[in-house]
Amino acid sequence: MKNNDQGAPSYQETAARLSDALLRMKRASALLCNQIDMSMLELSALRRMAHNHPDSDRNVFAQDLAEDFAASKAAVSQMLSNMERQGLLQRDFNPANRRKLIITLTDEGRRVVGETEALFLSDMTKVIEAFGEEEACALAGELERLCEIVDILKPIRE
């Protein structure tokens, strides 16, 4: 690893290390999805919609998913249609705004979310034990900070 004049890694090297680490984390997350035969996007969508309810004013809609996942509305709609065919969710008209469909999980969708949450917690418990609780907590804080910074910078690139 090349260093700058002060002996610290260059921005380019640090960026490459961050990118590599995030890619490895993404692959590790994909292993969980392979256990349940779902894509990370599908699982993330299910988890985001787990608390949707026809009477709620905090529902997650298809447009929200498209924005969150930087995906087209058509791609999200196709994914939701596939998940609906699998019996994981249902879409109903929103009485407050008929242009937005309320997406709720079926019993099967809630079962899948519960199962994956249990698998995820089991896996993460092992990671935290190996890493150390204090260090894992500090890392979680730094990753949250990284995400906040990326979110702030995102509009600059758009």
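Student: Among contacts between residues at least 6 apart in sequence, what share joins residues at least 24 apart?

Tutor: In this predicted model, 39% of those contacts in the protein chain join residues at least 24 apart.

Student: And how many of the residues are buried?

Tutor: Of the 158 residues in the protein chain, 22% count as buried.

Student: What is the chain built from, in helices and strands?

Tutor: The protein chain has 6 helices and 2 strands. Along the sequence they come in the order α-α-α-α-β-β-α-α.

Student: Is the chain spread out or compact?

Tutor: The protein chain is more spread out than a compact globule, because its radius of gyration is 19 Å, well over the 15 Å that the globule rule gives for 158 residues.

Student: What does the C-alpha trace span along its principal axes?

Tutor: The spans are about 65 × 40 × 25 Å.

Student: Back to the strands. Do β1 and β2 run parallel or antiparallel?

Tutor: They run antiparallel, and 6 bridges join β1, residues 89-94, to β2. One of the pairs is leucine 89 with leucine 105, the latter in β2.

Student: How many residues does the hairpin between β1 and β2 go through?

Tutor: The hairpin joins β1 to β2 through 2 residues.

Student: How does the lining of the largest pocket divide into nonpolar, polar and charged?

Tutor: There are 25 nonpolar residues, 4 polar and 11 charged in the lining of the largest pocket.

Student: What about the second largest pocket, how much space lies in there?

Tutor: The second largest pocket holds about 260 Å³ of space. Its lining has 13 residues, with Ala62, Gln63, Arg99, Lys100 and Leu101 nearest the centre.

Student: Which elements give two or more residues to the lining of the second largest pocket?

Tutor: They are α3, α4 (73-85) and β2 (97-105).

Definitions and conventions. Residues numbered from 1 in each chain as written. Predicted model: local features only at pLDDT ≥ 70, side-chain atom pairs only at ≥ 80, totals over all residues. Heavy atoms only, no water. Nonpolar A, V, L, I, M, F, W, Y, C, P; charged D, E, K, R; others polar. 1 Å grid on protein atoms, 1.4 Å probe; cavity = no way out; pocket = protein on both sides within 12 Å on 5 of 7 lines; lining within 4 Å. Points joined across faces, edges and corners; volume = space filled by probe spheres on them. Helix = DSSP H or I, 4+ residues; strand = E, 2+ residues; numbered from the N terminus. Pairing = 2+ DSSP bridges. Rg over C-alpha atoms; globule rule 2.2 N^0.38 Å. Buried < 20%, exposed > 50% of the residue type's maximum accessible area, 1.4 Å probe, protein only. Contact = heavy atoms within 4.5 Å.
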